[in-house]
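Biologist: I am new to this structure and would like to learn how to read it. Please take me through some features one at a time.

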Amino acid sequence: MSKHRIVVKVGSNVLTRNDGKLDITRMSAIVDQVAWLHAMGYEVILVSSGAVASGRGEVKVSRRLDSVAQRQLFSALGQAKLINHYYDLFREYRLPVGQVLTMKENFNSRRAYLNQRACMEVMLENGVIPIVNENDTVSVTELMFTDNDELSGLIASMMDAEALIILSNIDGIYDGPPSDPASHVITHVEPGNDLGEYIQTGRSGFGRGGMVTKYNIARKVAEEGIRVIIANGKRDNILIDLVEQPGNIPHTEFTPTPAGVSGIKKWIAHSDSFAKGRLTINARAAEALCGNGAVSLLPVGVTKVEGDFEEGDLVSIVDEHGIRLAIGRTAYDSGTAIQLMGQHDQKPIIHYDYLYLE
């Protein structure tokens, strides 16, 4: 691993004890390792869960609360406690930390996306370690991140990281049930490899996501040219060992696609939930779009326009069977797109530079 920028995601199952409260000992161990990485010349962005675990037990709830109200209450109490713990632990190494609370809506517009990136860039330039978490006090809609795995992938992409390390409570992706002694960790995943048959759909412990989320995020981020590692955060010195002796530590590594993608395409790739409309294209356009060449989407290939969108909005692109092929930034509003639909000799409705294939 080269000595540049990495994102480390620490999940709830790593930082939480069996009783649901924060594991300060494990948290301290993670800080020790991040401080070591910093001393070795790495720029580290820490995406940390644990706010709800920090807040649990801080107050006696007077009445029964639903899951949303509980998350709001415990995260509001716990986020202050969590960042204070990090502040005290990193202060022992004379390392300043900065808190970044965000929501999925903050990545909706390109401007907000770039503003967040600029904030973390200036932190890193001044030797500050950004500690990122979703703002669970207000993120209570269907536009929440699946969990911090999704957030960490977006941060790694946005910040042009060279590697994303996702720390969970197991060693990686197994070729069978992790509890089965006959199962083995899949050590390398090459571009194009499909491990869907090995991924269990359940989730464990205190996190909102599971291995399905980790796999999908890891594959997408690797396609963007970023190395991704899934490893066990409960192993002692896991981050140090991944740097110094990776061959001796069980983990799953996703090999990045060599070409990578542009910054604008990285934003588009992680913004699928913000699509304002949908374009259905014919078989010929679908074949051209999914081929090996760099192809823009022309109005002649569009057979149906759905949704109310403006020029510059994101739209999904589906084939005749409704299967999504891509997402892109449209050059027309929905009314103009309908007028030009099926016509030849028009400028692209979505230029290749603003098109991300699924």
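The dialogue below goes through strands, a helix, a single residue, a surface patch and cysteines.

Modeller: This is a predicted model, in which local features need pLDDT of at least 70 and side-chain atom pairs count only at pLDDT 80 or more, while totals for chains, interfaces and linings use all residues. Residues are numbered from 1 along each chain as its sequence is written, and side-chain values use heavy atoms, with hydrogens and water left out.

Biologist: With which strands does strand 2 pair in the parallel sense?

Modeller: Strands (E, at least two residues) and helices (H or I, at least four) are DSSP runs, numbered from the N terminus. Two strands pair if DSSP finds at least two bridges between them. Strand 1 (residues 5–10) is joined to strand 2 by six bridges in the parallel sense, with valine 10 facing serine 48 of strand 2 as its bridge partner. Strand 2 also pairs in the parallel sense with strand 4 (residues 129–134), over two bridges; here valine 47 stands opposite valine 132.

Biologist: How many residues of strand 2 are buried?

Modeller: Buried means under 20% relative accessible area, exposed over 50%, and partly exposed in between (1.4 Å probe, protein chains only). In strand 2 (residues 43–48), five of the six residues are buried, so the rest of the structure largely encloses this strand.

Biologist: How many residues of helix 6 are buried?

Modeller: In helix 6 (residues 148–158), 11 of the 11 residues are buried, so this helix too is largely enclosed by the rest of the structure. Just after helix 6, aspartate 160 has a positive phi of about 55 degrees.

Biologist: Is isoleucine 268 buried or exposed?

Modeller: Isoleucine 268 lies in helix 9 (residues 263–269) and is buried, because its relative accessibility is 0%. Contact means heavy atoms within 4.5 Å. Beyond its neighbours within four places in sequence, isoleucine 268 has contacts that include Leu314, Ile327 and Tyr354.

Biologist: Which residues make the nonpolar surface patch of about 190 Å²?

Modeller: Patch residues have over 30% relative accessible area and no salt bridge, and nonpolar side chains (Val, Leu, Ile, Met, Phe, Trp, Tyr) are joined within 5 Å. The patch is made by Val59, Val61 and Leu77. Valine 61 sits in the loop between helix 3 (51–55) and helix 4 (67–91).

Biologist: How many disulfides does a search of the whole structure find?

Modeller: A disulfide is a covalent bond between the sulfur atoms of two cysteines. The criterion is a pair of cysteine sulfur atoms within 2.5 Å, and the search finds zero. Cysteine 119 is partly exposed at 37% relative accessibility, and cysteine 290 is partly exposed at 46%.

Key. Patch = residues over 30% accessible without salt bridge, like charges linked within 9 Å, V, L, I, M, F, W, Y side chains within 5 Å. Areas by Shrake-Rupley, 256 points an atom, 1.4 Å probe, with all protein chains shown as cover. Salt bridge = Lys/Arg side-chain N within 4 Å of Asp/Glu carboxyl O.
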